[in-house]
Amino acid sequence: MNTPAEIEHVRLKALNNLWIHNRDWTEMAESGGPHVITSGKGVRVTDSQGNNWIDVNAGYSCVNIGYGRPEIAQAVYEQINKTPFCPIGTTTEIVIKLAEKLAELAPGDLNRVFFSTGGSEANETALKIAKAYHNHRGEPGRYRVISRKGSYHGMTGGVLWTGDGPAVQKADYGPAYPGMLHVPQPNPYRCEFGGKTESECATLCAQAIEDTILFYGPETISAFIGEPIAIPQGAPVPSKEYWPMVREICDRYGVIMIADEVVCGFGRTGKMFAMEHFNVSPDIMTVAKGIISAYLPMAGTIVSDRIADSFSGGDSSLKHVLTNSGHPVSAAAALKNISIIEEENMVDNAKEVGEYFKDQLENMIQDHPFVGDVRGIGLFLAMELVSDRQTKAGFDPDVQIGVRLTEKFKSKGLIFRARENILHFGPPLCITRQEVDEIVHAVDLGLWEFEGESGVGRFA
Ligand SMILES: Cc1ncc(COP(=O)(O)O)c(C=O)c1O
């Protein structure tokens, strides 16, 4: 065990040298951060000061199998000893096995995988494949990409401009990539078209895709990209009409349909892939996070035979190189990770414990006037907080609801980042009902305190 002085020394070094995503070191210093995590097991992590926390978001919705699985370390160790990498233009058996496994798991004729190291890269690759595909077919004018407001597909130069909303931080990076179009999200709690039912909202939002295609001209549209269920909007599950309609519209106008399963994939929603809830097979599916439970970097762009075949023969190969594409060590870890998900029935656990979790969150609606909506599926759940249930108004930025709730949850043993008024629950898929109870209890207390301070609710 390190002494308090040693622990503080490490923290100060972090403040001097480390650049953590979306955070600045002054703010971090003021709040006593960063926490330096030293170990983890299941849904829990321990920091250098010996504090133990439940990680309610499984890292960034990625540690699907939970922390501390030595089997992954063993698989990595064995592969590094065999070969850590391979010469230019070659591959390794372990990478071939992973590609075969993904083709077996993925729906429809999604049979060819281009590997990368993260969700952003996987989506960049998908957009490039879509454009190149049209180009090969003599339609170079198809450069526009339709995505949805309130979606998130990553932070790199191109995909940054897909999606739109608070999670997509574009302000410093203009001008925008040309041809990025945005349509409404099928979020029945806040339907942009005023749809009165889930079904009406879904239909209107799908129709907006067709309208957009026709307005700009199908001959200019390359692809439509969407998460089956979008995380930044707090997991609104589209009504069953939505994805089949989108599939049909894409087919009608020759638009490539890309499903971003970066968060939803590998069991999070109670199916291996979330598109299975809708019985729809996309043309391209991107995966990351849960494919390897973030034990190492790994992602993939899984492409249908129809599209992949257009890159074979003559000079038609995909001109796209990423040094760490198909990394053998990551492949070994990913295969072991997938086998743990399958052998330990984690997809079923996500479904069953997720239903229990959602019930508990819904029960909180009675007690907490600020809870506006509870939504999601499997272990992909969210609670939207509102200052007024009738008007669904959010909170004044001065209230700093996100910062305050995050601190309250921390004081109750949760690492659980409240992103303003949306609480997103995405724990490891190995979570038990007892651990769900712990989370729900802590959230209950945190909300009571916050409501009391705000002059509403029981403690007011
Ligand atoms: C749906 C979705 N797509 C893409 C990404 C980007 O993945 P990465 O951060 O690995 O680049 C994320 C990350 O959170 C995501 O949630």
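Predicted model: local features only at pLDDT ≥ 70, side-chain atom pairs only at ≥ 80, totals over all residues.
Student: Which residues does a cis peptide bond join, and where is proline 34 placed?

Tutor: Most peptide bonds are trans. Here, glycine 33 and proline 34 are joined by a cis peptide bond, with omega about -5 degrees. Proline 34 lies in the loop between α2 (25–30) and β1 (37–41); helices (H or I, at least four residues) and strands (E, at least two) are DSSP runs, numbered from the N terminus. A cis bond also links glycine 174 to proline 175, with omega about 0 degrees, and proline 175 is in the loop between β5 (144–148) and β6 (180–183).

Student: What is the phi of asparagine 22, and is that residue buried or exposed?

Tutor: Most residues other than glycine have a negative phi. Asparagine 22, in the loop between α1 (4–17) and α2, has a positive phi near 55 degrees. It is exposed, with 7 other C-beta atoms within 10 Å. A residue is buried if 20 or more other C-beta atoms lie within 10 Å of its own, exposed if 12 or fewer, and partly exposed in between, with C-beta atoms placed from the backbone.

Student: Where is serine 293 found, and does it count as buried or exposed?

Tutor: Serine 293 sits in the loop between β9 (284–287) and β10 (299–304). Its phi is also positive, about 50 degrees, but serine 293 is buried, with 29 C-beta neighbours inside 10 Å.

Student: How many residues of strand β4 are buried, and which way do β4 and β10 run?

Tutor: Two strands pair if DSSP finds at least two bridges between them. β4 and β10 are antiparallel and joined by 6 bridges, with serine 116 opposite alanine 299 in β10. Strand β4 (residues 110–116) is largely enclosed by the rest of the structure, because 6 of its 7 residues are buried.

Student: How is the protein divided into domains?

Tutor: Domain bounds come from an automatic or database domain assignment. They give domain 1 (70–343) and domain 2 (345–460), whose centres, taken over C-alpha atoms, are 29 Å apart. The contact involves 16 residues from domain 1 and 20 residues from domain 2, where contact requires C-beta atoms, placed from the backbone, within 7 Å.

Key
Residues numbered from 1 in each chain as written. Contact = placed C-beta atoms within 7 Å.
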